[in-house]
Amino acid sequence: MVATSHPRASLAALDVLRRGGNAVDAALTAAALLAVIEPAMTGIGGDCFVLLADGSGPPKALNGSGGAPAAAQLDWYRERGIEALDPTTAHAVTIPGAVDAWCRLAADHGTLDLAEIFGPAIAAAEAGFRVAPRVGLDWVDATAKLAADPHAAAAFLVAGRAPAIGARHANPALGATLRRIARDGRAGFYEGPVAAEIAGRLKELGGLHDEADFARHTTQWCEPISIDYRGYQVFECPPNGQGIVALMILRTLEGYDLAALSDADRVHLLAEATKAAYGERDLLIGDPEHGPVDVARLLGEARGAAMRRRITLDRARPGSDWDVTEHKDTTYLAVVDRNGMAVSFINSLFQAFGSGIYVPGCGVMLHNRGLGFRTVAGHPNAIAPGKRPMHTIIPGMLMREGRAVMPFGVMGGHYQATGHAQLLINLLDLGHDPQRAIDAPRSFAYQEDLRVERRLGAEIGADLAARGHRLAWQKKPIGGGQAIWIDHAAGLLTGGSDSRKDGCALGY
């Protein structure tokens, strides 16, 4: 079974499984294709994270995020009075990690060569693809950003406008780069003409990058972090990602009988647990290679109990004062193959179309993940050479008795950690199936607001407002998500794919 945010990607990945490829082959096929047909959300100029459960024990975590260039000394920015990184400047671009992660994943656990894996993506880039409805909506919203870069405007706008839903769009330069990577592996992106062109474009725009920054980039396998929740083990990638925040929220909420409470009570408790966890995130969590992160304390029962003592059911606490840039745009996918291998995979350009900086010769749109950095000395996310910023994109994996039960993920920037907790509450506390759990109305305590989807309803909204929440009713849906539940006893896979996006779950 496959669950992605675009039906064409789900079908391409399912075709790989039907031909005998494994879950890694299928996930990479979908990820590469999405990098073409969901260009606002993802691309080879971005980063990715993966959790892989292959039946040999706990899942493996792959950190496919890139670091700042070697010349990115904090004093350089402070001397120039740069108090925050602008989202559309070269300084917001860290070394893209996705391609190296894809190549490492394929080499270590795949069965097909990159030429076959990239085939659907190359065909879509060169022959064109039809713009899906949600893709088209996101494209329209990013028109001003694309128009600001002449190369991006030429590649992604038609007479200054986003292509219409259903229109055909192509990116042959990206197809050529995918062919180069298929032939040369990671060297096709991090060395030679592609790396030279990207580094040159960034230098033209004032960036500190050079070709050596690309050549030295590496992807890391690492040990995931986890907690027990309702008899299951919830696994997340470790920092520099925010998966730890999802676990902190669950640790706080495990002390409540959530199924016995009202919908308004659950929304309230989720909001209060979110405020506490995100407040600590922004004070304590960064790249562990550049400063310690006390994972054991943050996930300990003592902290969860302390957070519960601060929460009351009848009154909202003040929101966290987040000094962070809003993170929005990502694509997530899940795959389970015939042998039970489960892949939880997320790839992102950060904001819509990333930095908006397009490299025309190689067809690469560059992300702006460097916005996670600060120019404040002593901050856990203070920019430094080779340092990776704090990431919001997080794949999840649910396990029980040493076996994968569900690869899952929720898109939506900062919301993702709260989204993981909300999805698991819907599944494990309320007994929903994956589709119902994903589609349920969402809420998110962000800064001083409680963002709520309109489907939550006026009655629940009034209840929450009476407790002191400042409601912000959302015009657009909050995030997206996919999941595949594995019922080992029945030999059954049940998939869900968010109705907020274009995608679907497909199995055979």
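Is F353 buried or exposed? In this predicted model, F353 counts as buried, because its relative accessibility is 0%, where buried means under 20% relative accessible area. The residue lies in the loop between β10 (342-350) and β11 (357-359).

R230 is located in the loop between β7 (225-229) and β8 (232-236). With a relative accessible area of 30%, R230 is partly exposed, whereas F353 is buried.

Helix packing was examined for α2 (residues 23-37) and α4 (residues 98-109), whose axes come within 10 Å and cross at roughly 160°. The two helices are therefore roughly antiparallel, since an angle over 145 degrees counts as such. The crossing of α2 past α4 is left-handed. On the α2 side, the contact is made by V24, L28, A31, A32 and A35. The α4 side contributes W102, L105, A106 and H109. Sorted by class, the contact of α2 with α4 comprises eight nonpolar residues and one polar residue, with no charged residues.

Definitions and conventions
Residues are numbered from 1 along each chain as its sequence is written. This is a predicted model: local features need pLDDT of at least 70, side-chain atom pairs count only at pLDDT 80 or more; totals for chains, interfaces and linings use all residues. Side-chain values use heavy atoms; hydrogens and water are left out. Axes are lines fitted to C-alpha atoms, for helices over the stretch in contact, and angles run from 0 to 180 degrees between N-to-C directions. Helices (H or I, at least four residues) and strands (E, at least two) are DSSP runs, numbered from the N terminus. Angles under 35 degrees count as roughly parallel, over 145 as roughly antiparallel, 65 to 115 as roughly perpendicular and the rest as oblique. A crossing is left-handed if the near helix is turned anticlockwise from the far one by less than a right angle, and right-handed if clockwise. Contact means heavy atoms within 4.5 Å. Ala, Val, Leu, Ile, Met, Phe, Trp, Tyr, Cys and Pro count as nonpolar, Asp, Glu, Lys and Arg as charged, and the others, Gly among them, as polar. Buried means under 20% relative accessible area, exposed over 50%, partly exposed in between (1.4 Å probe, protein chains only).
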